[in-house]
Amino acid sequence: MEFEKYINSLEESLCTLGNVQTKTINYGVQLLLTASGKKVTLNVYNGKKGISLVWGGENSDLRDQALELVHQIPLHNNKGSNTAGIRESQGSADASALSETVHCSSARPHFLLAEEPDFPGVWLGSDESGKGDYFGPLVVAAVCLDKKGGEALLAAGVKDCKSLSDEKVLALENVIRDTALAVSVLVMKPQVYNMRYDQVQSEGGSLNTLLALGHVAALKQAWLQYPQCKWSLVDQFAKNNDIPDGVHAFAPDMQVWQRPRAEEDIAVASASVLARAAFLQTLRQMAPEAGIGRIPKGGGEAATNAARRLVQKQGMDALERFVKLHFANTKKLWEIE
């Protein structure tokens with residue numbers, strides 16, 4: 001990832017926690033994050049030895065959250081190697097400095113199941129978007145590919161949506177739809193999401209139960225368009241058989257694979273892009289109805305503040321139409337700052 005794109009990714013992630021301002025400094029960029037009276041600075045330097053990060057500000061939960069978000073952002077160096085080093089220092093009030101090197105994977109998507117015996121060369125992949133976002137829907141998508149289509153999407157630059165800008169995600173949506181053998185995108189807007197979450201919880205389930213139901217439904221819709229497909233791949237977000245059991249209810253012969261980091265597969269990566277595109281489009285469609293300006297992504301302080309403005313403008317009853325009510329943000333609305 002080029003330095004400018006890396007800065008954009010940092011900005012987009014950190015803005016979920018509060019207000020972010022950027023300014024150019026010698027050999028890099030400074031990002032200033034402020035929320036609830038707390039302040040965190042991050043200086044990002046682009047030198048001959050790679051990118052280095054220097055943190056400033058008091059030790060706080062805000063800085064801890066910012067550190068966690070930044071560590072999740074993949075960094076691709078310009079030489080195409082598999083890892084890129086980030087030298088990182090954290091300044092603090094007691095002047096104790098901690099240095100570390102963070103290695104971020106930049107693996108190119110591929111055919112994750114290709115080495116499995118009897119790989120048929122046609123398979124389904126599914127992924128979701130929005131499960132960590134307070135505002136907006138939960139979206140689950142599934143994509144069916146053959147090897148030719150997979151190669152074409154690799155060449156087009158499709159990869160896990162977390163490694164792509166929002167603009168790139170939206171640009172790749174039609175490329176995937178035009179290339180895949182079948183696609184399905186299921187959008188569960190907040191009002192339906194909250195109702196279904198309550199139902200699942202009352203039956204002893206959890207968010208993972210709801211996610212599993214979404215994956216099964218998306219896989220089924222895609223499979224109905226191309227029932228010749230006999231293999232499917234899903235990211236292993238929970239250790240249970242809900243997804244295989246659900247898939248076998250409509251496709252008894254389907255081989256269902258659950259793998260950690262399944263987004264490294266081009267079909268799952270394609271599904272992640274379609275799910276993210278639908279999430280972004282739905283969030284933008286919701287903004288005029290909410291009437292609070294741009295709706296923030298993520299589950300941080302910016303989302304809580306936006307929900308507070310929504311309640312002030314439209315009342316408490318409006319929340320269920322825009323946010324996932326079970327998030328901790330809802331309780332924070334009533335905290336006195």
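Two strands count as paired here if DSSP finds at least two bridges between them.

**Close-up 1. A five-strand open sheet in a predicted model.** Read across this sheet and the strand order is S9-S8-S7-S10-S11. The sheet is open, and its pairing is mixed. Strand S9 (182-188) and strand S11 (255-259) sit at the edges, each pairing on one side only. Going from one strand to the next, the twist averages 15°. As a reminder, strands of a sheet pair through backbone hydrogen bonds, in either a parallel or an antiparallel way.

**Close-up 2. Strands S7 and S8, with helix H3 packed on the sheet.** Here we zoom in on S7 (residues 122-129) and S8 (residues 138-146), an antiparallel pair joined over 8 bridges. For a handy landmark, pick Val122, which stands opposite Asp146 in S8. Helix H3 (residues 147-155) packs on the sheet and touches both S7 and S8. The direction of H3 makes about 120° with that of S8.

**Close-up 3. Cysteines in a structure with 0 disulfides.** A disulfide is a covalent bond between the sulfur atoms of two cysteines. How many disulfides does a search of the whole structure find? The count is 0. Cys229 is in no disulfide, and its nearest cysteine sulfur, that of Cys144, lies 4.0 Å away. The cut-off for calling a disulfide is a pair of cysteine sulfur atoms within 2.5 Å. Is Cys229 buried or exposed? Cys229 counts as buried, because its relative accessibility is 1%. Cys161 has 11% relative accessibility, so this residue counts as buried too; the cut-off for buried is under 20%.

Methods: Residues numbered from 1 in each chain as written. Predicted model: local features only at pLDDT ≥ 70, side-chain atom pairs only at ≥ 80, totals over all residues. Heavy atoms only, no water. Helix = DSSP H or I, 4+ residues; strand = E, 2+ residues; numbered from the N terminus. Axes fitted to C-alpha atoms, helices over the stretch in contact; angles between N-to-C directions. Contact = heavy atoms within 4.5 Å. Buried < 20%, exposed > 50% of the residue type's maximum accessible area, 1.4 Å probe, protein only.
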